[in-house]
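Student: I would like to go through a structure with you. Could we begin once it is displayed?

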Amino acid sequence: MKDVTAGSDIALSRRVAMATMHGKERVLQASFAAIGVELVTPAAFDTDQFGTFTRDRPRAGTMLDAARAKAQAAMRETGLQAALASEGAYGPHPTIPFLAAGRELLLFIDAAQGFEIVEMTIDEQPTFGHCPAASLADAKAFLERIGFPRQGVIVAPAGRLTEPVAKGIRSLQALEDAISVAAGHSPDRRAHIETDMRAFMNPRRMEVIGALGAQLTARLSAACPHCRHPGWGKVRTDFGLPCSLCGSPTSLPRRDVYGCVSCDQEEYRDRSPGSLADPAYCPLCNP
Ligand SMILES: [Zn+2]
Ligand SMILES: [Zn+2]
């Protein structure tokens with residue numbers, strides 16, 4: 001077994017509380033086992049108390065706040081000194097109109113050593129969407145596109161989305177029944193069908209969370225070149241690649257910044273060394 005603390009003087013927690021009740025540990029376990037860390041899932045852990053995707057309970061604060069609250073609760077529940085929590089948000093793409101995007105965040109807290117690591121990713125091809133339907137036939141194309149029944153759905157009356165009639169639907173019969181009940185409660189006699197975004201109902205989310213787990217464990221096994229603390233990795237991207245015509249900073253990414261979770265050490269890696277931005281992206285040359 002590989003030692004997670006290789007090259008570092010800091011001893012990481014070997015047992016980490018996993019703040020989930022949606023089976024995410026299934027896609028995270030292997031990456032953590034590979035660095036000698038065991039994920040411990042508390043019995044009967046209700047993460048839905050921290051807000052859900054299904055509009056019944058709105059989420060408070062930022063994604064990071066929500067993940068921290070879950071991680072703290074998982075540590076209390078298990079008595080462990082470290083926790084892992086995952087959080088996702090889905091909606092319109094931040095910069096490209098009419099596209100959907102998902103943000104996934106994974107937070108690792110080591111309370112014994114007093115540090116945390118946050119890994120984030122944007123999924124530009126999420127399984128996320130909705131469709132109005134008065135009958136099962138109306139939803140056929142939508143269901144094919146999202147990969148039903150591997151992908152589960154939620155059904156609510158159109159116009160009354162905060163009152164879903166069924167969640168976690170994965171059979172045609174259950175879906176047909178839910179459409180008929182929802183249409184009966186809808187002011188315009190239609191059901192609203194949407195992708196169930198809970199991870200265990202959304203295979204695409206599971207895949208993305210698994211990849212994020214591998215990213216996080218890679219950071220846990222990398223020590224800072226300056227202070228030897230574990231958790232060295234990419235912390236942000238700097239924008240402002242210079243314009244090839246006038247040299248002004250543009251909106252394009254310039255370099256990735258690597259950093260430490262414990263000291264101020266930073267390292268810059270140019271995205272494509274020596275390259276300059278097309279003046280089309282320049283706020284001065286092409287306002
Ligand atoms: Zn320019
Ligand atoms: Zn450091």
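Student: Which protein donors does the zinc ion (ligand 2) have?
Tutor: In this predicted model, local features need pLDDT of at least 70, side-chain atom pairs count only at pLDDT 80 or more, and totals for chains, interfaces and linings use all residues. Residues are numbered from 1 along each chain as its sequence is written, chains are lettered from A and ligands numbered from 1 in the order in which they are written, and side-chain values use heavy atoms, with hydrogens and water left out. The donors of ligand 2 are C224 (SG), C227 (SG), C260 (SG) and C263 (SG), 2.3 to 2.4 Å from the zinc ion; a donor is an N, O or S atom within 2.8 Å of the metal (3.2 Å for Na, K and Ca).

Student: Why is the arrangement around the zinc ion (ligand 2) tetrahedral?
Tutor: It is tetrahedral because the four donor atoms subtend angles of 105 to 116°; the term requires all angles of four donors to lie between 85 and 135 degrees.

Student: What spacing do these donors follow along the chain?
Tutor: For the zinc ion (ligand 2) the pattern is C-x2-C-x32-C-x2-C.

Student: Which residues coordinate the zinc ion (ligand 1)?
Tutor: C243, C246, C282 and C285 do, each through SG, at 2.3 to 2.4 Å. The site of ligand 1 is tetrahedral, with angles of 105 to 112°, and its donor residues are spaced C-x2-C-x35-C-x2-C.

Student: Turning to domains, how is the protein divided?
Tutor: Into domain 1 (15–126 + 199–224), domain 2 (130–195) and domain 3 (237–281), with bounds from an automatic or database domain assignment.

Terms used:
Four donors count as tetrahedral if all angles lie between 85 and 135 degrees; four count as square planar and six as octahedral if opposite donors are over 155 degrees apart and all others between 65 and 115; anything else is irregular.
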